[in-house]
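Q: I would like to go through this structure with you. Could we begin with the charged side chains?

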Amino acid sequence: MNMAIPIAILDCDLLLHGRGQKTLDRFDLDSVSDTFLLKHFSFPRDFILYLVELLREDVSRRTQRSRAISPDVQVLAALGFYTSGSFQTSMGDTIGISQASMSRCVSNVTKALVDKAPEFIVFNRDPSSRELSSQDFKKMAGFPGVGGVLDCVQVAIKAPNSEDSTYVNKKGFHSVACQLVCDARGLLLSAETNWPGGLNDAEVLERSALCKQMQDTENWWLLGDCRYPLRKWLMTPVNSPESTAELEYNLAHNATLEIVDRTFRAIQTRFRCLDSTKGYLQYSPARSSSILLACCVLHNASLQSGLDAWTLERTDPPELPESLEQRPEDRDSQAEELRKKLILKHFS
């Protein structure tokens with residue numbers, strides 16, 4: 001009988017410290033400077049401590065192996081990965097754990113953050129929230145009635161093991177698509193991260209929970225670019241504007257919509273594991289989607305804690321979208337009439 005032990009899966013930490021020890025206090029937050037924490041984990045001490053308490057119960061009750069690692073070390077390991085995109089030994093050495101343990105910590109913290117998503121990513125559609133949102137957006141470029149700005153972004157992943165081509169996007173690489181809605185501050189109101197990259201933006205929207213949620217909305221709308229269909233609840237630019245009013249409408253629309261592109265660029269810059277220019281996520285589509293959602297939760301949690309969303313924003317220009325080729329039978333005549341009235345009333 002072959003009794004060979006798969007050495008590759010043994011945990012170096014357990015070999016060194018054993019299962020009997022409840023926590024492995026390898027890294028003492030109090031022993032390092034605020035500058036060190038910002039450099040290696042991209043967040044200040046107070047926010048890291050807040051995260052540890054927020055996730056303590058969830059990450060403490062994971063597997064037997066993970067209970068050997070304290071919640072603060074697990075959170076730091078995950079932040080180190082999210083903000084660097086790397087499991088390299090330098091990050092493990094920083095907090096005193098092996099690469100294998102780094103991976104398990106990221107899994108635990110990611111699961112805990114995904115479970116918190118309904119608490120941190122909330123689309124309030126009550127009248128008072130709608131009015132406040134509309135006022136904030138109108139201050140930007142004079143566009144009235146806006147409840148949020150919409151975009152669909154791509155995050156590169158490794159090719160799935162199957163021959164499934166649904167994750168190959170129009171640029172030819174494998175990705176997961178993430179549909180985002182944010183407010184005027186860059187706070188995410190909706191984040192659906194589990195779409196195959198091969199779907200175009202309009203297809204993602206049509207299948208999304210957001211689309212169902214917005215169907216009964218009146219006199220209040222999202223803004224989306226020309227890749228989306230015009231709907232009563234989704235205002236898009238006017239293709240080939242012919243009047244000054246239509247031009248003014250498009251200018252206000254573009255200036256307001258820009259906030260969602262800025263928001264995701266800021267997220268990618270802080271969480272470099274999502275930055276396709278630096279490489280791609282080395283995971284399955286499902287796990288990549290969870291990591292993406294976890295980063296969205298952290299983005300909102302940091303904003304709600306008073307941190308600046310734009311501190312790390314990249315300045316590279318956004319790509320120009322290709323217009324949606326819409327069939328005549330798919331046009332929404334009521335939405336077209338609503339947009340005409342909006343232009344006439346507010347931009348003439």
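A: Aspartate 183 forms a salt bridge with arginine 185, and their closest N and O atoms are 3.1 Å apart. A salt bridge here is a side-chain nitrogen of Lys or Arg within 4 Å of a carboxyl oxygen of Asp or Glu.

Q: What kind of model is this, and how are residues numbered?
A: This is a predicted model, in which local features need pLDDT of at least 70 and side-chain atom pairs count only at pLDDT 80 or more, while totals for chains, interfaces and linings use all residues. Residues are numbered from 1 along each chain as its sequence is written, and side-chain values use heavy atoms, with hydrogens and water left out.

Q: Is aspartate 183 buried or exposed? And arginine 185, buried or exposed?
A: Aspartate 183 has 10% relative accessibility, so it counts as buried. Arginine 185, at 51%, counts as exposed. Buried means under 20% relative accessible area, exposed means over 50%, and partly exposed lies in between (1.4 Å probe, protein chains only).

Q: How many salt bridges does the structure hold?
A: The structure holds ten salt bridges. One of them joins arginine 45 and aspartate 34, with the closest N and O atoms 2.8 Å apart. Arginine 45 is in helix H3 (residues 45-60) and aspartate 34 in helix H2 (residues 34-41), eleven residues apart, and the pair links distant parts of the chain. Helices (H or I, at least four residues) and strands (E, at least two) are DSSP runs, numbered from the N terminus.

Q: How accessible are arginine 45 and aspartate 34?
A: Arginine 45 is buried, with a relative accessible area of 18%. Aspartate 34 counts as partly exposed at 45% relative accessibility.

Q: Which residue forms a salt bridge with aspartate 151?
A: Arginine 227 does, and the closest N and O atoms of the pair are 3.1 Å apart. Aspartate 151 lies in strand S1 (residues 146-156) and arginine 227 in the loop between strand S4 (221-223) and strand S5 (234-235), so the bridge ties together parts that are 76 residues apart in sequence. Aspartate 151 counts as buried, at 9% relative accessibility.

Q: New topic: how do helices H8 and H11 cross?
A: The axes of H8 (residues 127-141) and H11 (residues 244-270) come within 9 Å and cross at roughly 120°. Axes are lines fitted to C-alpha atoms, for helices over the stretch in contact, and angles run from 0 to 180 degrees between N-to-C directions. The two helices are therefore oblique to each other; angles under 35 degrees count as roughly parallel, over 145 as roughly antiparallel, 65 to 115 as roughly perpendicular and the rest as oblique.

Q: Which residues meet there?
A: Phe137, Met140 and Ala141 in H8 meet Ala252, Ala255, Thr256 and Ile259 in H11, where contact means heavy atoms within 4.5 Å.

Q: What about phenylalanine 137, is it buried or exposed?
A: Phenylalanine 137 is buried, with a relative accessible area of 0%. Not counting residues up to four places away in sequence, it touches several residues, including Phe143, Val146, Cys182 and Asp183.

Q: Finally, what is the phi of serine 42?
A: Phi of serine 42 is near 65°, a positive value in a residue other than glycine. Most residues other than glycine have a negative phi. Serine 42 lies in the loop between H2 and H3 and is buried, with a relative accessible area of 10%.
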